[in-house]
Amino acid sequence: MDRELILIGGGGHCRSVIEAAESCGRRIRGILDLPELLGCRCLGYEVIGNDSDIPRYAGDCDFIVTLGHISSPDRRIALHHLVEEAGGKFATVIASSACVSRHTTIMPGTVVLHNACVNAGASIGRGCIINTAAVVEHDCTVGDWCHISTGAIVNGGCAIGDGCFIGSGAVVRNSVSIAERSLVGAASLVTRNIESPGVYYGVPAKRR
């Protein structure tokens, strides 16, 4: 039987992860958030501690970082490191309505939310967010700490570097590579390789 989950971060993204976790039958022990939020609830689940309480739950629960990522993955990465230093382990949560090929590799700490698709041959790194209705097509590589946002499409054979954010409704053309820690704006179209980290948006996407 899967171990209970501890969710780290109790905001809006946490709500989406709770919905996904419930849909696939994962049990949730509680949430870690800011000290002043102790005892508050998110969709019925209590805030039972803060970051300093991670070691208390490392022995018998699995963790998911439920803090979102838009401009920077740094806080999410720091929280992952805190869990690892405490000897904790990460779960992988895949919503019941997500379509994930059995011919994929998805690393611990990643969440795949409702109606997302991860197709055959794709590889998803640690601590990623594959958000609602996002598509990661065949043979893509998505690095650690990436956020493929709502409705974004990463076409076949793409390589997305560590720590990237692909905005809502953005489209990445097939076989394109994107440098680590790049941010692609919502509704943008990436038609060429992005070789330097930065903020890119537009049709076609250009560095801004």
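1. Basis of the values. The model is predicted, so that local features need pLDDT of at least 70 and side-chain atom pairs count only at pLDDT 80 or more, whereas totals for chains, interfaces and linings use all residues. Residues are numbered from 1 along each chain as its sequence is written, and side-chain values use heavy atoms, with hydrogens and water left out.

2. Cysteines. The structure holds zero disulfides, a disulfide being a pair of cysteine sulfur atoms within 2.5 Å. For C146, which is in no disulfide, the nearest cysteine sulfur is that of C128, 4.9 Å away; C146 has 1% relative accessibility and therefore counts as buried (buried means under 20% relative accessible area, exposed over 50%, partly exposed in between, with a 1.4 Å probe and protein chains only). C158 is likewise in no disulfide, with the sulfur of C140 as the nearest cysteine sulfur at 4.8 Å, and C158 counts as buried because its relative accessibility is 1%.

3. Helix α1. Helices (H or I, at least four residues) and strands (E, at least two) are DSSP runs, numbered from the N terminus. The 12 residues of α1, 12-23, reach 17 Å from the first C-alpha to the last, close to the 16 Å expected at 1.5 Å a residue, where the expected span is 1.5 Å times one less than the number of residues. Buried in α1 are H13, C14, V17, I18, A20 and A21; seen down the axis, these buried residues fall within an arc of 170 degrees, so they line one face of the helix (the arc is that of the directions from the helix axis to the C-beta atoms). After α1 comes G25, with a positive phi near 85 degrees.

4. Helix α3. The buried residues of α3 are R76, I77, L79, H80 and V83, and they cover an arc of only 160 degrees around the axis, which puts them on the same side of α3. Among the elements that cover them are β1 (4-8), α1 and β5 (61-65), contact meaning heavy atoms within 4.5 Å. G87, which follows α3, has a positive phi near 80 degrees.

5. Sheet. An open sheet is formed by five strands in the order β9-β12-β15-β18-β21, with parallel pairing; two strands pair if DSSP finds at least two bridges between them. The edge strands, β9 (105-106) and β21 (177-178), each pair on one side only. Between β18 (residues 159-160) and β21, the parallel pairing runs over two bridges, and the bridge partner of A159 in β21 is S177.
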